[in-house]
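Subject: Structure for your review

Dear colleague,

Please find the structure below, together with its sequence.

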Amino acid sequence: MLRRHTMAACAALVTVGALALAGPATAQPDPVSAAPSAADTQNVDRTSPAVLDAMSRDLGLTRTQAEDRLVNEAEAGATSSRLRSALGGDFAGAWVSGADSARLTVATTDPADVRAITAQGARAEVVRHALGDLDAAKARLDKAARASVTRDAPVWYVDVRSNSVVVQAVRAEAAEKLLAAAEVKPSMARIDSTTQRPRALYDLRGGDAYYMNGSGRCSVGFPVTRGGQQGFATAGHCGRPGTTTSGYNQVAQGTFQASTFPGRDMAWVAANSQWTATPYVKGQGGANVRVTGSTQQPVGASICRSGSTTGWHCGTIQQHNTSVTYPEGTISGVTRTSVCAEPGDSGGSYISGSQAQGVTSGGSGNCRSGGTTFHQPINPLLQAYGLTLSTS
């Protein structure tokens, strides 16, 4: 077994001017044809088809609308930057609207600015509070939050569309207390009710460390799903059903759902909603190695292992369907390899090319003098627990 019983801590402002050269009028370039558009400057025409497809899927757009939207947003960004510079302290924010973002609105606190805004092709809106004042109020909220408990008022931001500072709160009293502590005027603020409590999000990746019940350490094998539940496959000797885990960053992660050891050496952990299954294994230097399937490779094939103690090491497959006896009992059906491993690498990923092979069980030797290791093949593990390997 290779389980480690040691804890490890682990807007810019844009100004636009014109330069004139002395000479005959006929020698002056046409400013429209000479200056590239913002869309050209930002290479909007080179946008990845995958991005356009995702926009179509998630925003309910046609492909043409997605393309037009990116062009319009590039131009809107350039226009709003020019106007922000021109309006100075009167500027109160800008936003686009419409399926293709064709409408740009620029807000100001001075009615005299309306002509300058519309001359740039934007819609003007006169409001009470300048963006600088709203940003200052938001900064006071940030400062007040450092001395307050904000669990019941977890989100606050400047909303240029409503010209206000918004606090999202599970309990209105919590938002009111925070606003009072920051001395934000009621006329400048809005409280929105919410039931959501945001949380940090982390990725599950093969080879990364995890900790069991806050003590021993093992390694993630392969991220998996079971229905809508996300989690990861690992070694059975790392935990029993009900054993809780925390991630490489010591953040609460999940719970062992099933585990077999000895006999076999396999288990899976269901992760909480903070963690997302990815199709990756941690490779050399921490680079992501993509997993695309789980076709078992033949004897003699190259194979690499990722673990939280020794990282990325490679060797060859020596035998399939091996039995090995540990102090706890005999394990059958494992694969023997020439890859080294050390305590803490248990549960980690074995991969050949892009094909998942198994999770680290045990072995002998070390990564200084060399060794032999055994891994629990991934396909029997997936079948036993009704899991799907994450490949996308």
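Predicted model: local features only at pLDDT ≥ 70, side-chain atom pairs only at ≥ 80, totals over all residues.

Not counting residues up to four places away in sequence, T373 touches T335, R336, T337, V339, C340, A341, Y350, G362 and G363, where contact means heavy atoms within 4.5 Å. T373 belongs to strand β22, residues 370-377. Helices (H or I, at least four residues) and strands (E, at least two) are DSSP runs, numbered from the N terminus. With a relative accessible area of 1%, T373 is buried. Buried means under 20% relative accessible area, exposed over 50%, and partly exposed in between, with a 1.4 Å probe and protein chains only.

Two polar partners of T373 may be named. Its side chain makes a polar contact with the side chain of T337 at 2.8 Å, and a polar atom of the T373 side chain lies 2.7 Å from the backbone oxygen of V339. A polar contact is a pair of N or O atoms within 3.5 Å; within protein, one must be able to donate a hydrogen and the other to accept it, and residues adjacent in sequence count only if both atoms are side-chain atoms.

Residues are numbered from 1 along each chain as its sequence is written, and side-chain values use heavy atoms, with hydrogens and water left out.

The next region is an open sheet of three strands in the order β4-β5-β6, with mixed pairing. Its edge strands are β4 and β6, each of which pairs on one side only; two strands pair if DSSP finds at least two bridges between them. From one strand to the next, the twist averages 25 degrees. Axes are lines fitted to C-alpha atoms, for helices over the stretch in contact, and angles run from 0 to 180 degrees between N-to-C directions. β4 and β5 run antiparallel and are joined by five bridges; W156 has V167 in β5 as its bridge partner. Helix α6 packs on the sheet and touches β4 and β5, its direction making about 170 degrees with that of β4.

Helix α7 lies across β4, β5 and β6, at about 155 degrees to β6. Which residues of α7 (residues 172-181) are buried? They are A174, A175, L178 and L179. Seen down the axis of α7, these buried residues fall within an arc of 130 degrees, so they line one face of the helix; the arc is that of the directions from the helix axis to the C-beta atoms. An α-helix has 3.6 residues a turn, so residues three or four places apart point the same way. The face of α7 turned away from the buried side carries the exposed residues K177 and A180. The cover over the buried residues includes α6 (131-145), β4 (155-159), β5 (164-169) and β6 (189-193).

Finally, the structure holds 13 salt bridges, each a side-chain nitrogen of Lys or Arg within 4 Å of a carboxyl oxygen of Asp or Glu. Among them, R171 pairs with E173, with the closest N and O atoms 3.0 Å apart. R171 is partly exposed at 38% relative accessibility, and E173 is partly exposed at 44%. Salt bridges that share partners also join D53, R63 and E67 into one network.

Yours sincerely
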